[in-house]
Structures are given as structure tokens and as C-alpha cells.
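Let's read a structure together, one feature at a time. Bring your questions, and we will go from the general idea to the case at hand.

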Amino acid sequence: MFEELVKLNCFSENDLIRKEAAELLEREYGCEINCIEMSESVRFAHHGRGCTIVAAKLCDDVVIFQNVTIGANQKFNRKTARWENLGNPILGPGVIVADGAKILGPVVIGENTVVGAGAIITKDIPANSVAYGVNQFKAKPEDYDLVFRNEMPTFADILAANQQLIKKYQEN
């Protein structure tokens, strides 16, 4: 149901259907999605729970995890009586945004970048990076896919890893 609501909210040409889908997304999943341009290949992990996504553009194969905020970081200059820092983020192709990250303002997140859990990003991040902390980034390791890959681990693999961790904990 979530994926269908996203399609209706983001791609329907009928204003009433878009509005109804947006209301259901917010009520059922705590998720708001409002983008100027968004690829149909964008995916939301965990049904986009707790996400507020207000972006200029989300490119192909972007993956967004739960409790992510993507939006504005504008300010009003009282001396000039003008708004500054207007605009919303652009996420390039293959960007992954991990749990709880915040991407704010007219920034560009370069292709194949991973924005780490809890990161706060208000500045452009170059392609093929790992963004973390507050506006920090480093080169993405070439030998690893971080956080997400189309071929995710099986439930059995995750269960076995957790059982090993519990065993290690109990031995200490």
C-alpha cells in the first residue's frame, strides 16, 4: 500500500488523488513527500516512516531510510528585507540517505554518495562520498557498498549475526 500511495502522491496528474494520497501517507506512515522532480525509481526503506521529504530533485535509484528530513534552510534578512538561502536539496543518482539524517537547504548531494545515520548536511557534498556528522565527508571506499545494496542480506544471515553478537555479549 505504501508504494502505491507514493506513486499517487508524487506522480498522479489528478490534484484530488494526489492530495488524498498525501493525507494517507502522513496519517498511516508519518511520511510527507513533496518534490519538484522525483524519479520513479526512488525507494523508501521501512515505508518512509517519519520522513519529511521536500526536495528540488531526487534522481534515479535514491534510497531513503526512516526518520529522514530533506528540506529548506532559508532565512530572512531584516536589513535587506529579502529571503536568503532559498531552495531545497538535489540528491544525485544512487544517493543513499541513512536513518535520521537531515539534508537542508539549496545543496547538491553528488551521485553515489552515502549520507550516514544522523548526519546533518547543509553544504554540497561531492560524488562518491560518505557524508557524516555535521557537514563532514570523506571518499567512499571503492571496495564496499554501504548501508544498502539491491541484494540485501537474508533474514537468516541477519539472525545468525545477531545470535553471534548475543553469544559474545553473554560471554563477557
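**Reading the sheet, a helix and the cysteines**

Q: In what order do the 6 strands of the open sheet lie?

A: In general, strands of a sheet pair through backbone hydrogen bonds, either parallel or antiparallel. In this predicted model, the open sheet has the order 2-4-9-12-14-15, with mixed pairing. Strand 2 and strand 15 (136-139) are at the edges with a single partner strand each, so one side of each has no neighbour in the sheet.

Q: How many bridges join strand 9 to strand 12?

A: There are 2 bridges between strand 9 (residues 96-97) and strand 12 (residues 114-115), and these strands run parallel. Isoleucine 96 has valine 114 in strand 12 as its bridge partner.

Q: Now to the helix: which residues of helix 1 are buried?

A: In helix 1 (residues 2-11), the buried residues are Phe2, Leu5, Val6 and Asn9. Viewed down the axis of helix 1, they fall within an arc of 100 degrees, so they line one face of the helix. Their cover includes helix 2 (15-29), strand 1 (32-38) and strand 2 (43-44).

Q: And how many disulfides are there?

A: A disulfide is a covalent bond between the sulfur atoms of two cysteines. Here the count is 0. Cysteine 51 is in no disulfide, as its nearest cysteine sulfur, in cysteine 31, is 5.3 Å away. Cysteine 51 counts as buried, at 0% relative accessibility.

Terms used. Residues numbered from 1 in each chain as written. Predicted model: local features only at pLDDT ≥ 70, side-chain atom pairs only at ≥ 80, totals over all residues. Heavy atoms only, no water. Buried < 20%, exposed > 50% of the residue type's maximum accessible area, 1.4 Å probe, protein only. Helix = DSSP H or I, 4+ residues; strand = E, 2+ residues; numbered from the N terminus. Arc of directions from axis to C-beta. Contact = heavy atoms within 4.5 Å. Pairing = 2+ DSSP bridges. Disulfide = S-S within 2.5 Å.
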